[in-house]
Amino acid sequence: MSEFDELMRQKAVALKYNPDKNGAPVVVASGMGYLAERITEAAMEAGVPVYEDDSLATLLTQLKLGSEIPKELYQAIVDIYIYFLGYVPGQEEKKEEPDGGEMAPETAEDGAVPMPQQE
C-alpha cells in the first residue's frame, strides 16, 4: 500500500464534554486523511490523550460536528475515559484495558480519537 493510501485510511475525531452544557460528549473535530493526521497531531501537541480504535473512529466520523454522541456509544466512550483516568503525559508504557488485556501506547495512526479534558 502506498504512503498516500495509508494516509487516506486514517480517521480522527475529537470529543469535548461539558456536563453543564451537554448531556454527552460532543464532536468538535472530525476528519479523514490529512485532516485526521492534523487533528491527532494537534491533540498530541496540546497534551490531549489519544485513543486508537478504528471501528469507533469510523462510527464517530459519520456524526456531524457539534452533535452529541448517541446513547449506543456511551459505554465505549465511558471505557475510554476510564482508560485515561490514569493517563500521564509522555508516559510510553502499555496500560491495561478494562477487560484485563493490554493497549498499545498512544500514537498518531489509524482510528485516533483525541479525548479532550472536561471544561
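Predicted model: local features only at pLDDT ≥ 70, side-chain atom pairs only at ≥ 80, totals over all residues.
The protein chain contains four helices and six strands. Along the sequence, these elements follow the pattern α-β-β-α-β-α-α-β-β-β. The chain has 119 residues, and 36% of them are buried. Its exposed surface comes to about 7,100 Å². Carbon and sulfur atoms supply 52% of that surface. Among contacts between residues at least 6 apart in sequence, 66% join residues at least 24 apart.

The mean pLDDT is 79. A value of 70 or more is reached by 71% of the residues. Strand 2, residues 26–32, has the highest confidence, at a mean of 95. Strand 5, residues 102–103, has the lowest, at a mean of 42. Over residues 93–109 the pLDDT is below 50. Beyond near neighbours in sequence, this stretch has 39 contacts in the model.

The largest nonpolar core has 13 residues. Those with the most contacts inside the core are L15, L56, L60, I69, I77 and I80. Strand 1, helix 3 (54–60) and helix 4 each supply at least two residues of this core. Helix 4 gives the most, with four residues.

Helix 4 spans residues 74–84. Its buried residues are I77, I80, Y83 and F84. Seen down the helix axis, these buried residues fall within an arc of 115°, so they line one face of helix 4. An α-helix has 3.6 residues a turn, so residues three or four places apart point the same way.

Strand 1 covers residues 11–16, and K11 is found in this strand. K11 counts as buried because its relative accessibility is 12%, below the 20% cut-off. The side chain of K11 has polar partners. It makes a polar contact with the side chain of D54, at 2.9 Å. A polar atom of the K11 side chain also lies 3.1 Å from the backbone oxygen of R9.

N18 sits in the loop between strand 1 and strand 2. The side chain of N18 reaches the backbone nitrogen of D20 at 2.9 Å.

P70 has its place in the loop between helix 3 and helix 4. P70 and V26 are 44 residues apart along the chain. Their C-alpha atoms are separated by 9.7 Å.

M1 lies in the segment before helix 1, which spans residues 3–9. M1 is exposed, with a relative accessible area of 68%. Not counting residues up to four places away in sequence, M1 touches E6 and R9. R9 also takes part in the K11 pairing, through its backbone oxygen.

Definitions and conventions:
Residues numbered from 1 in each chain as written. Heavy atoms only, no water. Buried < 20%, exposed > 50% of the residue type's maximum accessible area, 1.4 Å probe, protein only. Polar contact = N/O pair within 3.5 Å; in protein donor to acceptor, adjacent residues only side chain to side chain. Arc of directions from axis to C-beta. Contact = heavy atoms within 4.5 Å. Areas by Shrake-Rupley, 256 points an atom, 1.4 Å probe, with all protein chains shown as cover. Core = buried A, V, L, I, M, F, W, Y, C linked by side-chain atoms within 4.5 Å. pLDDT = per-residue confidence, 0-100.
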